[in-house]
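Subject: Handover of a structure

Dear colleague,

Please find the structure below, handed over for your use. My notes on it come after.

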Amino acid sequence: MGGSRHAPCTDRLAEGIIRGSMDLYGRDFICTQDWTVDELLYTLELAARMKRERFSSRWTSILEHKTFIMFFYNPSVRTRISFEAAATELGGHAQFMTPSAGRFKTEQQAGETIEDAATVMARYAAGLGIRILEDKVPYYGAGHQVLREYARWADVPVLNMADDRFHPCQALADAMGWAEWFGDGPGRPNYGVLRGRRLLLSWGSGSLARSWCSVQAALLIASRLAMSITMAHPQGYDLDPEVVGWTKRNCKENHADFDIVHDPDSGYDGAHVVYSRNWMTPEAYQDGELQKQTEIERAMAHAGWTTTAERMARTDHAIFSHPMPVDRGNEVTDEVASGPRSAIYDIAENRLHVQKAVMALTMGNW
Amino acid sequence: MGGSRHAPCTDRLAEGIIRGSMDLYGRDFICTQDWTVDELLYTLELAARMKRERFSSRWTSILEHKTFIMFFYNPSVRTRISFEAAATELGGHAQFMTPSAGRFKTEQQAGETIEDAATVMARYAAGLGIRILEDKVPYYGAGHQVLREYARWADVPVLNMADDRFHPCQALADAMGWAEWFGDGPGRPNYGVLRGRRLLLSWGSGSLARSWCSVQAALLIASRLAMSITMAHPQGYDLDPEVVGWTKRNCKENHADFDIVHDPDSGYDGAHVVYSRNWMTPEAYQDGELQKQTEIERAMAHAGWTTTAERMARTDHAIFSHPMPVDRGNEVTDEVASGPRSAIYDIAENRLHVQKAVMALTMGNW
Amino acid sequence: MGGSRHAPCTDRLAEGIIRGSMDLYGRDFICTQDWTVDELLYTLELAARMKRERFSSRWTSILEHKTFIMFFYNPSVRTRISFEAAATELGGHAQFMTPSAGRFKTEQQAGETIEDAATVMARYAAGLGIRILEDKVPYYGAGHQVLREYARWADVPVLNMADDRFHPCQALADAMGWAEWFGDGPGRPNYGVLRGRRLLLSWGSGSLARSWCSVQAALLIASRLAMSITMAHPQGYDLDPEVVGWTKRNCKENHADFDIVHDPDSGYDGAHVVYSRNWMTPEAYQDGELQKQTEIERAMAHAGWTTTAERMARTDHAIFSHPMPVDRGNEVTDEVASGPRSAIYDIAENRLHVQKAVMALTMGNW
């Protein structure tokens with residue numbers, strides 16, 4: 001893609017923090033670690049402009065007459081609506097597909113290979129989004145491998161709509177929300193101001209045995225943006241060591257702190273962003289299957305990991321962050337979730353804007 | 001919304017029966033009783049213009065690049081197709097969602113609250129349609145309460161795509177069809193001519209144990225438009241007393257008659273519109289669950305409540321009205337349903353036009 | 001439809017092989033035998049232009065603001081994506097419906113008749129696509145009858161998205177792919193060059209008990225285009241005698257050969273196109289139900305019907321054709337399916353282009 005494609009794009013983003021041109025056309029977006037900080041910020045800057053000028057004709061023909069295929073191995077409300085609306089607002093159309101609609105090859109049944117499916121989809125569509133979480137795969141990371149396999153064969157961008165390891169669009173939406181709250185409000189994020197701010201990422205009580213994807217994505221983006229991080233979780237609730245390792249490295253490179261505590265209280269001291277979320281243990285799989293009931297019983301033994309107004313009062317005027325859906329009463333009280341420092345709805349809205357930006361940059365006609 | 005939005009709208013409807021401007025932007029449409037007769041007629045007049053000039057550029061950018069979310073707790077063919085086509089014809093896009101796609105909070109399971117779901121959807125979409133019928137809820141009226149709860153939190157219009165009490169879009173389509181047949185034909189309705197005409201709303205035989213929503217919506221709209229009404233149903237098949245009360249009051253205000261008979265014959269005498277439809281009894285719920293099988297057995301005891309050509313011959317050249325799907329052979333004979341005085345297909349078509357008008361007025365860019 | 005509609009259409013296709021105008025507006029497309037060879041070639045020529053100039057403004061408003069309803073009794077990935085993308089690329093919108101969304105009348109349950117459903121859908125939509133395969137019907141041909149019944153009542157074109165007898169869009173995509181490979185490459189098909197080329201249509205091993213629709217559609221289109229045909233299948237795997245009869249007649253009219261062999265090897269000699277595909281026996285239905293398990297067991301007795309590189313080496317530099325999804329390892333080896341003479345992805349892509357052409361010609365605004 002030559003300079004003629006970049007020039008107008010750069011021009012449109014002239015007020016952005018990135019001054020040069022940047023070509024993301026054709027790129028996959030599977031994990032934020034695959035992209036440079038500049039690429040992420042460039043995308044986030046575009047997302048903010050798209051939020052400020054939501055239905056501007058600048059954007060509404062970027063995917064005109066183009067198809068984005070959404071492949072949902074797992075159902076979703078927010079991800080589905082926000083991606084489909086993103087395509088509509090860019091002038092395109094997102095198709096909603098579920099694997100039950102196809103006959104894919106598995107060890108148990110004959111069917112189509114990912115090579116064949118991805119190759120053909122790339123003939124029809126400008127891009128392909130996939131969502132596959134831990135309950136659809138036999139071991140941790142197998143969902144992420146499915147995405148990498150689609151990306152290997154598809155000759156168009158593959159976007160991660162949440163896999164069992166990462167949820168990069170959620171990460172961008174989180175960061176944008178934090179940067180808006182500490183910046184100049186909706187559509188006016190300031191990413192520089194996040195440097196050195198403290199994120200408390202806390203395990204949350206409840207019986208949902210949730211995926212690691214959102215919290216791991218939050219660790220990665222926060223550390224890339226030079227935030228200091230405190231993780232808080234009960235013993236036995238470690239996340240993916242590789243992701244934690246990347247996070248530590250990101251923090252170190254940015255001269256930011258990284259700590260882990262195992263009590264539900266201490267992490268709140270001095271925090272600027274509190275993010276609480278239930279998740280499962282590393283022992284969740286047994287015999288190639290997710291043991292959801294066992295995980296629920298394990299989690300029920302850890303009551304009291306709830307973000308409350310009392311705990312929030314000990315922070316440095318922190319905002320509350322959550323990828324939703326919120327398990328109210330367990331992960332957080334209603335008072336906090338619906339309170340004046342709750343950023344959850346702004347962050348949810350940002351899913352739309354960051355996804356529009358990612359789609360526009362990776363598959364758009366400029 | 002200032003005068004600049006109204007002026008062109010009024011101008012476009014200059015030939016309508018309503019002369020002044022009328023701002024319905026942002027309004028919910030959950031029950032026709034929530035709107036004034038003028039508001040309903042204004043909407044119906046726009047629907048007729050949209051029918052006459054179906055793909056005119058006047059309408060095709062009203063929802064351009066906008067998303068309308070359709071939330072179907074219950075499946076549907078006609079409602080789904082007509083709402084989705086309405087969005088397409090207005091330049092927008094309707095997303096088809098089912099609750100199995102989400103994880104909503106109930107007494108039995110953790111999940112998302114309607115507060116959270118509705119607040120977020122309103123960030124993504126221009127409007128929200130919901131369909132929830134009696135078999136998805138534990139008692140009569142609970143479906144309607146779900147709509148009111150969505151409307152409470154959603155910062156965009158909520159449209160009723162049929163709940164367990166009302167089906168206001170069906171009501172508008174019915175009225176438009178009647179006014180076309182007694183007026184100047186398709187796209188040329190005359191609502192004034194309905195004044196004093198007799199509607200027979202008759203229970204129909206069959207084993208479908210159908211919802212009250214369509215017949216109750218018909219009672220309300222007919223009585224608002226000053227039609228005289230005869231309800232005919234077996235003993236024990238009373239409808240919602242509150243709705244019947246509103247209907248009586250509407251009739252009284254319009255100096256129209258309202259009667260109830262309990263035989264399948266006498267109501268046909270002098271009728272101008274015959275509407276037959278199976279429905280369930282007020283005892284349909286036991287122990288928080290719809291007893292469909294019991295209702296079917298009850299209904300089977302009442303054979304002979306079928307609209308036949310012989311009965312139609314006793315009317316004042318009545319048209320046949322039905323919200324579809326028709327249970328042919330039980331509610332009505334093929335001879336009548338497919339006969340020259342059957343308005344069923346015109347009424348079904350009108351679903352599209354009235355829904356376009358409602359969507360355009362409540363959520364459109366004019 | 002007068003000359004004013006034809007003139008620009010003809011003009012646009014001036015370089016096509018068909019010189020005169022041709023009006024296909026309003027026509028159903030249920031079986032290629034229903035259309036003349038000139039009509040099929042006219043459509044194929046338009047498809048090639050649409051492939052060469054994929055997002056040209058010539059095509060992108062042909063279905064603007066129009067709805068195409070896709071009714072999937074059977075699920076599908078390729079057919080769904082390609083039809084929905086086709087509508088999008090023509091400026092319209094395809095709705096994805098499944099019968100579970102409706103309450104259709106059967107012998108067992110009350111519900112809506114096809115008369116009522118089709119009549120109403122035609123009020124909402126510009127066209128109607130239907131997919132219904134053998135496992136949804138009680139005997140061979142019953143799915144095809146459903147399409148004919150929809151077409152009887154729908155006042156808009158009905159397109160066959162695969163029934164239990166035919167798959168005409170697959171047939172057009174096959175022919176276009178063959179004519180591209182033996183012509184001047186993608187988007188540059190030469191149909192004249194197919195005359196006299198040899199098609200080997202071979203039964204393939206495997207446990208999928210597949211439909212007859214694609215292979216029967218291939219027989220019909222190949223014979224219409226004057227190809228010589230060798231069918232190869234085990235004893236007991238005869239296809240529909242009426243379709244084989246039409247194929248023989250088509251071949252005879254075109255002075256082409258038609259042969260049937262019952263061994264997995266001899267048909268490869270001198271072939272130009274090799275098409276291998278598993279299919280079921282004529283005894284697949286017992287007692288009004290498809291006996292899938294019995295068919296699988298029957299098929300498993302016939303190992304070795306696999307298209308291999310060794311067999312392909314005996315052909316006249318043949319291309320490999322398959323309607324996908326491919327049952328790799330049974331119908332064909334990976335080496336052939338992913339090899340340099342495999343046309344499967346080009347043919348799959350052509351589904352999009354031929355469907356755009358069919359939709360544009362039968363239901364478009366030119």
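Predicted model: local features only at pLDDT ≥ 70, side-chain atom pairs only at ≥ 80, totals over all residues.

Residues are numbered from 1 along each chain as its sequence is written, and chains are lettered from A and ligands numbered from 1 in the order in which they are written.

Chain A is assigned domain 1 (3–166 + 349–363) and domain 2 (170–347); such bounds come from an automatic or database domain assignment. Their centres, taken over C-alpha atoms, are 24 Å apart. In the contact (C-beta atoms, placed from the backbone, within 7 Å), domain 1 of chain A takes part with 27 residues and domain 2 of chain A with 32 residues. On the domain 1 side, helix H2 (37–52) of chain A is among the contributing elements and has the largest share, nine residues. Helices (H or I, at least four residues) and strands (E, at least two) are DSSP runs, numbered from the N terminus.

Between chains, 22 residues of chain C are in contact with 26 residues of chain B. Helix H4 (114–124) of chain C gives the most to the chain C side, with seven residues.

In chain B, strands S6 (residues 228–232) and S7 (residues 258–261) pair in the parallel sense over four bridges; pairing requires at least two DSSP bridges. Ile229(B) has Phe258(B) as its bridge partner in S7(B).

Kind regards

Key: Contact = placed C-beta atoms within 7 Å.
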